Amino acid sequence: LFVSHNMQSITRLCPRVILLDAGKILQDGPSHEAVSAYLDSGMAACAAREWPDPAQAPGGEVARLRAVRVRGEDGQIAEIADIRRPIRVEMEYDVIQSGHVLMPYYDFYNEEGLDVFSTMDLDPAWRGRPRPKGRWLSTVVIPGNLLAEGTLFVGPGLLSLNTLVAQYQERDVVAFQVIDSHDGDSARGDCSGKVDGVMRPLLNWTTQFSPGERSTGAIPLEQPEGLANK
């Protein structure tokens, strides 16, 4: 019997899952159905959060946060992300005072509270330019085969570079689960066990072989096509 809130472990280890709430059975069936029911029930960390009332929204005199959403490559809200696919995190905010150079950013934390990475808005369209009053939507794209499996918690922030004052800096506003693939085409390859690390990039490897015993460095490197005699 395996009891856990770790979605990637559940989907990897368990063909059948029982979802409990206050001692009552909410779902009993295939793992993917139970995981979906868990995420839809509101018991899991949500991948979207909004502040309809601007008076209740985090922010300062210059800007207020209105929403943070995690979306898959199909544009839908995504509580679960395939490790091989890109994912978008969008921050919706109101600028209520013009004339400030603003820099949106995110902090991403894992289940152990480790700051996995931070990313700042370097979009050249508005980098270094004062932003006028109005509704803004800033989105970052995280490529596939970069993150390790597990839960990631998203902390949005907005810094006014004029004064170096954070208009808001929130922790664990939304979260999503990164689920690894066992099809052999992710960074895990043919490994079936636990893969450590907070990031999991899919990197290019090369292998050279020469029969018999040869000293290190004896195998000549092949020149890429188009570089010969240049």
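Predicted model: local features only at pLDDT ≥ 70, side-chain atom pairs only at ≥ 80, totals over all residues.
Some overall values, then. The protein has 230 residues, and 39% of them are buried. Take the contacts between residues at least 6 apart in sequence: 61% of these join residues at least 24 apart. The exposed surface comes to about 14000 Å², with carbon and sulfur atoms supplying 52% of that area.

Leu 20 belongs to strand β1, which covers residues 16-21. Is Leu 20 buried or exposed? Its relative accessibility is 51%, and the cut-off for exposed is over 50%, so Leu 20 counts as exposed.

Next, Thr 151. This residue is in strand β11, residues 150-160. Thr 151 counts as buried because its relative accessibility is 10%, and buried means under 20%. Which residues does Thr 151 touch, leaving aside neighbours within four places in sequence? There are Tyr 109, Asn 110 and Glu 111, and there are Ala 175, Phe 176 and Gln 177. With Gln 177 there is also a polar contact, side chain to side chain, at 2.5 Å.

Last, the aromatic rings. How many aromatic pairs does the structure hold? It holds three. One of them is Tyr 106 with Phe 108, a tilted pair with 5.9 Å centre to centre and 55° between the planes. Tyr 106 and Phe 108 are both buried. These two residues also belong to a cluster, in which ring pairs link Tyr 106, Phe 108 and Phe 117.

Another pair is Trp 126 with Trp 136. The ring centres of Trp 126 and Trp 136 are 4.8 Å apart and the planes are at 85°, so this pair is edge-to-face. Trp 126 sits in the loop between β8 (115-120) and β9 (130-131), while Trp 136 is in strand β10, residues 134-142; the two are ten residues apart. Trp 136, at 13%, counts as buried, because the limit for buried is under 20%.

Notes
Residues numbered from 1 in each chain as written. Heavy atoms only, no water. Buried < 20%, exposed > 50% of the residue type's maximum accessible area, 1.4 Å probe, protein only. Contact = heavy atoms within 4.5 Å. Areas by Shrake-Rupley, 256 points an atom, 1.4 Å probe, with all protein chains shown as cover. Helix = DSSP H or I, 4+ residues; strand = E, 2+ residues; numbered from the N terminus. Polar contact = N/O pair within 3.5 Å; in protein donor to acceptor, adjacent residues only side chain to side chain. Phe/Tyr/Trp six-rings, centres within 6.5 Å; stacked < 30°, edge-to-face > 60°.
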